[in-house]
Amino acid sequence: METKEPAHAPLEQPAHLHTYVVAKRFSRPIKRAGRSVAFAAILFIPVFACGCGGTTKATDDAAHAPRAAVVRITPGNISEMLEIAAEFQPFQEINVYAKVAGYIQKLYVDWGTHVNQGQLLAVLEIPELQQQLQVDEAAVGRSQQDLARANEELSRALSTYNVTHLTYTRLADVQKTRPELVAQEEIDVAQGKDQEANAAVSSAKDAIAGSEQALLASKAALNKDKALFDYARITAPFDGVITKIDAYTGALLPAGTSSNEGDQALCRLSQNDLLRLVIPLPERAVSDVHLGQPVAVRVSTNNKTFEGRFVHFADQIDTTTRTMHTEIDVPNKKYDLVPGMYATAQVPLHTATNVLKIPLQAVQTSGEDHGTVLVVNGNNRIEQRDLTLGLQSATDAEVMSGLKEGDLVIFGEQSQFKPGELVTPQIVTPSGLQ
């Protein structure tokens, strides 16, 4: 007996059900009371959807919202920095020459030797100067003997003069009282001897003066040669570092003169415990700096910042470059710096204190003092705002209008975000970003 499938009325879909899945119809015979009965069934498997409505959908959207690096707007200080690159120079640097020509007998320094003022660098051998010193010493001895002999002559002349003068005086007195006892001829002879003895005294005194001058000249020559011989010991004129050696033991060093720059030097000495940084200061910055003002000097090779001070200004603008020659002294007691290194002087020009500031990487500038930012509002959605900017440094800018303290703005690349987009803000520190 053939059995028909019962007709089913369409089921009304409940409000909380979105979809029904109709299973494949199946049938199989069932033996009951000696007859087979065909049984058919249709399975309806409901697939349930979430019944939370809009709240659940919003939660899912927030969970899948892209993360956005943001920075919080806070007050702080901003300084406009002028960065000028230059290279370090020694505070002073000289070539050490020999004052007198000679062979290097002993060399006490080498490349990189640190020396103090007055320290012995080398000793020269100068045989001819040693012999000249002996000649000078002999000349001094001879002059001393000449002076002694002149003094003896003066003593003898004085004795003779005293006798002749006394004789003449007595005869002259007798003639005045008893003219008949002394002949005029005797008076004349005595007077002549007296004058002759007086002239001998004057001559002896002149001889003494000449001997004294000769002695002084001999001593001066001796002192001169001694001074030259002292230059056989070459010493450091100031504290520094030997940055170059030009001659070694046994080499002949010529006498260095200012007119002969080609003369061979012993070495080069640099004072490196204090370095100079010479920068061309732009005209617009001249009025913002002064002598003694500290300045940060950044060295990229060792990633360190050193403190220097303005010490010299040319006080005149170069009309060609519109800059002024400016020198910064940087202490280098630990010798962390080496002349020739490049450095950047960070010259502060203007400073604004306790103002709202924003990293420049969060701003899309549209002019000298205008820009736009993407702000994450309280609903975590992005808004685009226009800003008015004030003072700017190398990393930050002063916010004049468009933001308030505590606002969150997108930091870094902004092209991947659009106004109205839902994001998950993640606060970052600009200096900590890689």
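Let's start with how the chain folds back on itself: among contacts (heavy atoms within 4.5 Å) between residues at least 6 apart in sequence, 72% join residues at least 24 apart. The model is predicted, so local features need pLDDT of at least 70 and side-chain atom pairs count only at pLDDT 80 or more, while totals for chains, interfaces and linings use all residues. Residues are numbered from 1 along each chain as its sequence is written, and side-chain values use heavy atoms, with hydrogens and water left out.

How confident is the predictor? The mean pLDDT (the predictor's confidence in each residue, from 0 to 100) of the protein is 84, and 83% of the residues reach 70 or more. Residues 1-53 need some care: pLDDT stays under 50 over this stretch, for which the model has 45 contacts beyond four places in sequence.

Now to the architecture. The protein has three helices and 23 strands; these are DSSP runs numbered from the N terminus, with helices being H or I of at least four residues and strands E of at least two. Of its 434 residues, 31% count as buried. Here, buried means under 20% relative accessible area, exposed means over 50%, and partly exposed lies in between, using a 1.4 Å probe and protein chains only.

A nonpolar core is a set of buried Ala, Val, Leu, Ile, Met, Phe, Trp, Tyr and Cys residues joined through side-chain atoms within 4.5 Å. The largest such core has 24 residues, and those with the most contacts inside it are Phe88, Leu277, Ile279, Leu281, Phe310, Ile328 and Val347. Two or more residues come from each of these elements: strand E6 (74-96), strand E13 (267-282), strand E14 (294-299), strand E15 (304-313), strand E16 (323-331) and strand E17 (342-359). A second, separate core of 23 residues includes Leu107, Ala232, Ile234 and Cys267.

Not counting residues up to four places away in sequence, Val347 touches Glu80, Met81, Leu82, Ile279, Val289, Val295 and Phe310.

Phe310 also leads us to the rings. Rings of Phe, Tyr and Trp (its six-membered ring) pair if their centres lie within 6.5 Å; planes under 30 degrees apart count as stacked, over 60 as edge-to-face and the rest as tilted. By this rule there is one aromatic pair. Phe310 and Phe313 form this stacked pair, at 5.8 Å centre to centre and with 25° between the planes. Phe310 is buried at 1% relative accessible area, and Phe313 is buried at 19%.

What about charged pairs? The structure holds 10 salt bridges, each a side-chain nitrogen of Lys or Arg within 4 Å of a carboxyl oxygen of Asp or Glu. In one of them, Asp407 and Lys404 meet at 3.1 Å, N to O. Asp407 counts as buried at 8% relative accessibility, whereas Lys404 counts as exposed at 52%. Elsewhere, Lys244 bridges to Asp246, with the closest N and O atoms 3.6 Å apart. Lys244 is partly exposed at 31%, and Asp246 is partly exposed at 24%. Arg309 forms a salt bridge with Glu307, also with closest N and O atoms 3.6 Å apart, and Arg309 is partly exposed at 39%.

Gln384 sits in strand E20 (residues 382-392). Leaving aside neighbours within four places in sequence, Gln384 is in contact with Thr372, Val373, Leu374 and Pro419. Gln384 and Thr372 are 12 residues apart in sequence and 6.8 Å apart in space, C-alpha to C-alpha.

Most residues other than glycine have a negative phi. Asn380, in the loop between strand E19 (370-376) and E20, has a positive phi near 65° and counts as partly exposed at 31% relative accessibility. Asn303, in the loop between E14 and E15, also has a positive phi, near 55°, and is exposed, with a relative accessible area of 53%.
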